Amino acid sequence: MTERWRKFLVMGASLFILLAGGFLVIRQGIWHANAKKYRQSQVPTLYLHGYGSSYKAEESLVKAALNSGASSGVIRANVSKSGKVSLKGKFTTNVNNPLVEVNFADNKNGNYYQDGAYLKAVVEKLQARYQIKQFNVVAHSMGNMAVAYYLLDNGQNKKLPRLNKQVSLAGHYNGILNYDAPKDASLRKDGAPKVQTNSYQALLPLKKRYPKQVAVLNIYGDLNDGSHSDGRVANASSKSLAYLVADRAASYQELVIKGKGGQHSRLHENRRVAQQIVNFLFLKS
């Protein structure tokens, strides 16, 4: 190699390092600027997947929180069929808005009381390991039933950490289309389903038990094809959550995502949904 080519390669390498370093500084600057928009908190947010799924369905929403600068750490809580919880990863003492991907091994269990018990096991594990006093939850599809039945049994238990914020994504509180949803999916004027499934009737005590400190964001999809559904869950089934909790919750709001992006399984991959969840959970008021 000639001296001329050696100098050329050294200059090229130096320029690359300089540009890469500059890009990293700019990226870090943007990250820190964004991070200032969000609350500084050690309250964990739990992400729950739906039927037949796993923590992988939560990763898009989790990455959105990390990439925005709202959160600085994530771990996974694996729940065995026997209800034993093992934590993969560890939070440092200075982690901001920690995230927990919940992974149910028993991911096709239609016994919602059992699903709620699985969630309780996760909450108790985090309480024992990190002494948490509050938590948030983001749930998709059947994960919402785990949350609802957890609150049904434990919402007033003062020995457990308090739920702070709840995000319901594609919740099927009054049944799933072509499975257990009633033929008449309409709601009464007060928001209750005209025809109620057994699982919805079991949740009616939430009207008197739902924790008053919780802020709720209910997100559902409408394919805008005349079905008034996300393809798997009727909008009325998702909206029936309001009758159960809105009168007691600290706040309750709904967001409908229309078109193809509102399809049941696409909701947790939707960028608008991800950003709305980040803002709801972490944005400074």
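Five aromatic pairs turn up in this structure, where rings of Phe, Tyr and Trp (its six-membered ring) pair if their centres lie within 6.5 Å, with planes under 30 degrees apart counted as stacked, over 60 as edge-to-face and the rest as tilted. Take phenylalanine 91 and tyrosine 130: the ring centres are 5.4 Å apart and the planes sit at 55 degrees, so this pair is tilted. Phenylalanine 91 is in the loop between strand E3 (85-88) and strand E4 (99-104), while tyrosine 130 belongs to helix H3 (residues 112-130), so the pair ties together parts that are 39 residues apart in sequence. Helices (H or I, at least four residues) and strands (E, at least two) are DSSP runs, numbered from the N terminus. Phenylalanine 91 counts as buried at 10% relative accessibility, and tyrosine 130 is partly exposed at 22%; buried means under 20% relative accessible area, exposed over 50%, and partly exposed in between, using a 1.4 Å probe and protein chains only.

A word on the ground rules. This is a predicted model, so local features need pLDDT of at least 70 and side-chain atom pairs count only at pLDDT 80 or more, whereas totals for chains, interfaces and linings use all residues. Residues are numbered from 1 along each chain as its sequence is written, and side-chain values use heavy atoms, with hydrogens and water left out.

Tyrosine 130 is partly exposed, with a relative accessible area of 22%. Tyrosine 112 and tyrosine 149 have ring centres 5.6 Å apart and planes at 50 degrees, so they make a tilted pair. Tyrosine 112 lies in helix H3 and tyrosine 149 in helix H4 (residues 143-154), so this pair ties together parts that are 37 residues apart in sequence. Both of these tyrosines are buried, and ring pairs link Tyr112, Tyr113 and Tyr149 into a cluster.

Helix H4 is mostly covered, with 11 of its 12 residues buried; among them are Gly143, Met145 and Leu151. Serine 141 has a positive phi of about 55 degrees although it is not a glycine, and counts as buried at 7% relative accessibility. Asparagine 224, in the loop between strand E7 (215-222) and H7, also has a positive phi, about 65 degrees, but is exposed at 56%.

Serine 141 shows up again in the largest pocket: 17 residues line that pocket, and Gly50, Tyr51, Ser141, Met142 and Arg232 lie nearest its centre. The lining divides into seven nonpolar, nine polar and one charged. For the second largest pocket, 14 residues form the lining, and Gln42, Val43, Pro44, Tyr130 and Ile132 are the closest to its centre. Here a pocket, on a 1 Å grid over the protein atoms alone, is an open set of points where a 1.4 Å probe fits, with protein on both sides within 12 Å along at least five of seven lines, and lining residues have an atom within 4 Å of a point. Ala, Val, Leu, Ile, Met, Phe, Trp, Tyr, Cys and Pro count as nonpolar, Asp, Glu, Lys and Arg as charged, and the others, Gly among them, as polar.
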